[in-house]
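Me: I'm new to reading protein structures, and I'd like to go through this one with you. Can we take it step by step?

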Amino acid sequence: MCIRDRTFSDKLKKSKDGEWYFTMLAKGTATDKISSLAMLVQKDPIATHPFLVQLLGLTKKHNRKQAEQAVTAFKDLFLQGYLFKLQDKMYVFQKNPVIMAKQEGCSEEEIVQAYHGHCIRELLREFCGTVL
């Protein structure tokens with residue numbers, strides 16, 4: 001867990017919204033959990049990557065209604081531009097043009113962005129395999 005994740009998580013736990021999200025994740029219905037996960041990811045997609053993975057896991061549920069709700073929430077996160085801009089290409093981390101161009105001179109933020117794009121690409125691949 002990087003510093004950005006811990007900072008976001010600490011802020012979230014101290015806020016009223018954060019308390020509600022975590023309560024819904026722990027004690028809420030499946031619909032509440034899906035909504036909470038989607039809202040958490042919307043707040044900061046990079047820092048909430050584990051919640052996105054958890055949402056992807058809910059798309060594989062055997063309960064059809066829950067799986068459909070999770071699929072809709074996951075799809076909406078992509079289509080509404082929370083995870084990446086639709087006009088951007090998604091690259092494998094090693095082939096990311098920013099990383100390849102700078103090699104040793106990348107800032108931590110550029111590396112995090114490139115890795116996040118790689119992870120989103122892999123999650124989208126898994127999501128498509130689940131849905132199709």
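**The core and what surrounds it**

Me: Which residues have the most contacts inside the largest nonpolar core?
Reply: This is a predicted model, where local features need pLDDT of at least 70, side-chain atom pairs count only at pLDDT 80 or more, and totals for chains, interfaces and linings use all residues. Residues are numbered from 1 along each chain as its sequence is written, and side-chain values use heavy atoms, with hydrogens and water left out. A nonpolar core is a set of buried Ala, Val, Leu, Ile, Met, Phe, Trp, Tyr and Cys residues joined through side-chain atoms within 4.5 Å; buried means under 20% relative accessible area, exposed over 50%, partly exposed in between (1.4 Å probe, protein chains only). The largest one here has 25 residues, and the ones with the most contacts inside it are Leu52, Leu55, Phe74 and Leu83.

Me: Which elements give two or more residues to this core?
Reply: Helices (H or I, at least four residues) and strands (E, at least two) are DSSP runs, numbered from the N terminus. The chain comes to seven helices and zero strands. Those giving two or more residues to the core are H1 (3–14), H2 (16–27), H3 (30–43), H4 (49–58), H5 (64–79) and H7 (108–131).

Me: What is Leu55 in contact with, leaving aside neighbours within four places in sequence?
Reply: Contact means heavy atoms within 4.5 Å. Leu55 is among the residues with the most contacts inside the core. Its partners, with those neighbours set aside, are Ile34, Leu37, Ala70, Ala73, Phe74 and Leu77.

Me: Is His118 buried or exposed?
Reply: You'll find His118 in helix H7. Not counting residues up to four places away in sequence, His118 touches Tyr91, Val92 and Phe93. Its relative accessibility is 17%, so His118 counts as buried.

Me: What share of the residues in the chain is buried?
Reply: Picture the C-alpha atoms filling a box of roughly 45 × 40 × 20 Å, taken along the principal axes. The chain has 132 residues. Buried ones make up 33%.
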